[in-house]
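This report walks through a structure for a reader who is new to it. Please look over the sequence and the model before reading on.

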Amino acid sequence: MSLRLLDAGDAAFTVEFGNAIDPALLASVNALDVAIAREHAACRLPGLIETMPTFRSLTVFFDPLVTGRGALIDALQPLLAAAEHAVPVEGRHWCLPACYGGEAGPDLTETARAIGASEDEVIALHCGTEYRVYMLGFLPGFPFMGDVAESLRLPRRAEPRVRVPAGSIAIATGLTAIYPWESPGGWHLLGRCPVPLFDARRASPSLLAAGDRVRFEPVAIEEYRRIEAALQSGEMDPQQWLGDAPGADAVEAAR
Amino acid sequence: MSAAPSLEVVAPGAYASLQDFGRRGFRRIGVPWAGVLDARLMRIANALVGNAEGAPVIECFDGGLQLAARGGAVRLAVAGDAVVEVEGAGERRALGSWRSVTLAEDEVLRIRRLDRGRVAVVAVEGLALSMVMGSASTYARAALGGVDGRALAAGLHLPARAASGGSERMLPDPPRPDAGPIRVVPGPQADHFSAATLAAFVDGEYRVTTDADRMGVRLEGPVLAHVGAREIVSDATVPGSIQVPGNGQPIVLLADAQTAGGYPKIATVIGADIPRLAARRPGEAVRFAMVEAVEGERIARAAEAETRALVAGVKPLLAGGIDEAALYSSNLVGGVVHALSAEYRPLPDVETGTSKQSN
C-alpha cells in the first residue's frame with residue numbers, strides 16, 4: 001500500500017491510501033478515521049474540524065487559525081502507520097426492504113435484457129449479496145455500496161435521468177445505492193426502498209455509516225406501501241431493520 | 001408592548017437565502033457546510049446591528065432584494081458594495097451600504113444593485129432562527145436550515161426583534177472587491193495534468209460563465225487536458241476545489257457543492273480567496289496564482305486579522321453631533337435635509353444603472 005499526503009488548499013489535506021475501490025483500502029480509511037475521532041475526543045487535535053472518509057482516502061479539515069498542515073501531520077504520523085495495516089471492522093448489519101420492478105424499478109426489464117437474464121434472476125442477484133457501505137456522499141445520506149455481482153455490472157446509462165425519485169435503488173458498474181433525495185441520476189433503477197436514509201431530526205441523521213453492511217429483502221408493492229405509511233405515522237422505526245450482529249455499534253461508538 | 005415585529009421578504013431578487021458560518025461535522029454523511037460565501041460581510045453586517053458576528057444573515061446575489069418592516073421598527077445593515085434605498089410614507093431616500101438603518105413600520109429597504117461584486121449580506125437585529133444540525137444555514141437540496149429549508153421567497157416573514165433604538169452604526173473604511181489573481185494551492189490531483197497544462201492554468205485567463213451560484217462557478221478558458229484517465233475513484237471535495245471534468249473547463253466548488261466527486265482536482269482556491277472568486281460576475285476575468293499550502297495558512301491568518309480590524313472599526317454614525325440616521329427614521333425631516341446629507345446621491349435608473357458597473 002502506498003500512502004500519500006495530498007494538499008487540498010490551506011485548510012484541508014487528503015490522506016490517500018490508494019486509487020481503487022477495495023475493501024482493504026476502506027479498512028485503512030475507517031481505521032484512521034476512528035483513530036482520529038478518538039484523539040479528537042481526547043482534545044489532542046486542536047483545530048481539527050472534521051474528517052471525510054471515502055473509498056480510498058480520508059480528507060482532514062482544519063482551522064488554519066488554530067493549527068496547520070505540518071502540526072497535524074506530525075500528530076497523525078503514528079496513526080497513519082497503524083491504519084495502513086488495519087483489518088476491516090465489522091460494521092452494523094442492515095436488512096432493508098426493497099420493492100423491485102414495475103413503477104418502483106423502471107430499469108429492471110432493461111437490465112435483465114442487458115445481462116441476458118430474467119427479471120427474477122436480476123432480483124436474486126441484487127438480493128444475493130450483502131453490500132458494504134464504502135462511503136456516503138455526494139448527496140446527504142447517499143450510500144455508495146458494493147460490490148455488485150460480476151454478472152450484474154453495467155456502465156451508467158447513456159442518458160442520465162433528470163429526475164430520479166427519492167428511495168430509488170440503483171446500480172452502476174460495481175456499485176449499488178439508494179437515492180435519499182429526488183435528484184438527477186445516471187444509474188439503473190431496479191426498485192425502491194421505503195426507509196428514509198436521511199432525517200435531520202435524528203441524532204445521527206444518516207441511517208447508514210461507512211463500513212455498514214446492507215442486504216436487501218424483496219417486498220411486494222402492498223407491503224412497501226404499508227411500511228412507508230407505518231414509518232410516516234411513527235408506528236415503525238428505521239432501527240428495526242438493523243441486525244444485532246456482533247460489534248454492531250463499534251463503528252458508531254468510536255465516533 | 002405589542003408582539004415582536006417581523007421582516008417581510010417583499011422580493012428575493014436573483015437569489016437570497018439565510019446563512020451563517022455553516023454546518024460543520026457532517027461532510028462524512030454527504031452534507032456540505034453551506035454558510036455564507038463571504039464570512040467577512042456577515043461579520044461586519046452583524047456588528048453593524050449589534051448581533052453576535054455569527055448570527056444568521058440574509059445573503060443575496062446582485063440587486064432586487066426588498067425587505068419590509070411589519071408590526072414595528074426593525075434595524076438592518078447591508079454589507080457589500082450595494083446601492084440601497086429606503087421607501088416609506090411616499091418618499092424614498094438613498095443610503096450607502098456599510099451602515100445600519102432602522103426601518104419604521106411598513107418602510108421598505110431595497111437593494112437596487114451592487115456597484116462591484118455579486119454578493120451582499122443583510123443583517124437583521126435580533127433575527128432568531130432555529131438551528132438544524134448545528135446551523136441556521138439554508139441547504140435547499142436537503143431542505144436544511146433557513147425557513148423550512150428553502151431559499152427566501154416573496155411573502156415570507158422572518159421573526160425580528162423590535163429595533164433597540166440608539167444611534168446607527170457604520171463602517172468607515174469598507175473592503176472592496178478586487179480583480180487581482182485568485183490564489184490556489186496545487187493538488188490534490190495536480191499530477192493528473194502535465195507541467196505545461198499547469199502552466200497554462202496559471203498563465204491563462206478564465207471567464208466566469210453564467211453557471212455560477214452557491215454550489216460553484218464554471219469557468220471558461222484554456223482547456224486543461226488530463227494526462228491519462230479523466231475520472232478518478234471518487235474522493236472528498238472541499239470548498240474551493242477546482243474540478244476538471246472531461247471537457248477541460250474548470251469548475252470551482254463553493255459552499256453548497258457536493259462533498260465528493262470523481263473528477264481530478266487540479267488545485268484548491270485558498271479560503272481567503274473563495275469570497276473574492278464568488279464576488280466575480282459572469283463575464284468577468286479570473287486569473288490564478290499558485291501558492292504553497294503553508295503560505296495559504298499564513299494568508300488565512302492575515303485575512304482574519306484584517307477582518308477583526310474591520311469589525312473593530314465599526315462605530316456610531318454621527319455627523320456634527322446629530323445622529324442623521326435617527327433623524328431619517330423619525331420621518332420628521334423632509335427632502336431638503338436629505339439632499340444636504342453627505343451620503344445623498346441621485347439614483348440612476350434601475351434598468352440602465354447596472355450595465356456599466358463591471359470592470
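## Terms and confidence

Helices (H or I, at least four residues) and strands (E, at least two) are DSSP runs, numbered from the N terminus. The model is predicted. For chain A the mean pLDDT is 93, with 95% of residues at 70 or more. Residues 245-255 of chain A stay under 50 in pLDDT, and the model gives this stretch 19 contacts beyond four places in sequence.

## Where the chains touch

Chain A and chain B meet in a contact to which chain A brings 39 residues and chain B brings 39 residues. On the side of chain A that touches chain B, two or more residues come from each of strands S1 (4-7), S2 (12-16), S3 (48-53), S4 (57-62) and S6 (131-136) of chain A. S3(A) gives the most, with five residues. Sorted by class, this side of chain A has 23 nonpolar, eleven polar and five charged residues.

## Helix H1 of chain B and the core

The largest nonpolar core has 172 residues, of which Ala45(B), Leu76(B), Val121(B), Val122(B) and Ala123(B) touch the most other members. Helix H1 (residues 39-49) of chain B supplies the largest share of this core, eight residues. In soluble globular proteins, nonpolar side chains tend to be buried together.

How much of H1(B) is buried? Ten of its eleven residues are, so the helix is mostly covered. Arg43(B) and Asn46(B) are among these buried residues, as are Leu41(B), Met42(B) and Ile44(B). The cover includes strands S3 (57-61), S5 (74-79), S8 (99-103), S10 (119-124) and S12 (169-170), along with helix H4 (293-312), of chain B. Leaving aside neighbours within four places in sequence, Ala45(B) has contacts that include Val57(B), Ala77(B) and Val121(B). After H1(B) comes Gly50(B), with a positive phi near 80°.

## Strand pairing in chain B

Strand S1 (residues 6-12) of chain B runs antiparallel to strand S4 (residues 65-70) of chain B, and six bridges join them. Leu7(B) has Ala69(B) as its bridge partner in S4(B). S1(B) is also joined by three bridges to strand S11 (residues 157-159) of chain B, again antiparallel. There, Glu8(B) stands opposite His157(B).

Elsewhere in chain B, eight strands make an open sheet with mixed pairing, in the order S21-S14-S15-S18-S17-S20-S13-S22. Strands S21 (285-286) and S22 (288-290) of chain B are at the edges with a single partner strand each, so one side of each has no neighbour in the sheet. Helix H2 (residues 195-203) of chain B packs on this sheet, where it touches S13 (182-186), S20 (265-269) and S22 of chain B; the directions of the helix and S22(B) make about 125°. Within the sheet, strand S17 (residues 241-243) and strand S18 (residues 251-253) of chain B are antiparallel and joined by two bridges, and Gln243(B) stands opposite Ile251(B).

## Backbone exceptions

Most residues other than glycine have a negative phi, and most peptide bonds are trans. Ala34(B), in the loop between strand S2 (15-19) and H1 of chain B, has a positive phi near 55°. Ala34(B) counts as buried because it has 30 C-beta neighbours inside 10 Å. Asp106(B) has a positive phi near 70° and lies in the loop between S8 and strand S9 (108-114) of chain B. Asp106(B) counts as partly exposed, with 15 C-beta neighbours inside 10 Å.

In chain A, the peptide bond from Gly137(A) to Phe138(A) is cis, with omega near -10°. Phe138(A) sits in the loop between S6 and strand S7 (143-146) of chain A. The bond from Gly146(A) to Asp147(A) is also cis, with omega near 0°.

Note on methods:
Residues are numbered from 1 along each chain as its sequence is written. Chains are lettered from A and ligands numbered from 1 in the order in which they are written. Two residues are in contact if their C-beta atoms, placed from the backbone, lie within 7 Å. Ala, Val, Leu, Ile, Met, Phe, Trp, Tyr, Cys and Pro count as nonpolar, Asp, Glu, Lys and Arg as charged, and the others, Gly among them, as polar. Two strands pair if DSSP finds at least two bridges between them. Axes are lines fitted to C-alpha atoms, for helices over the stretch in contact, and angles run from 0 to 180 degrees between N-to-C directions. pLDDT is the predictor's confidence in each residue, from 0 to 100. A nonpolar core is a set of buried Ala, Val, Leu, Ile, Met, Phe, Trp, Tyr and Cys residues joined through C-beta atoms within 7 Å. A residue is buried if 20 or more other C-beta atoms lie within 10 Å of its own, exposed if 12 or fewer, and partly exposed in between; C-beta atoms are placed from the backbone.
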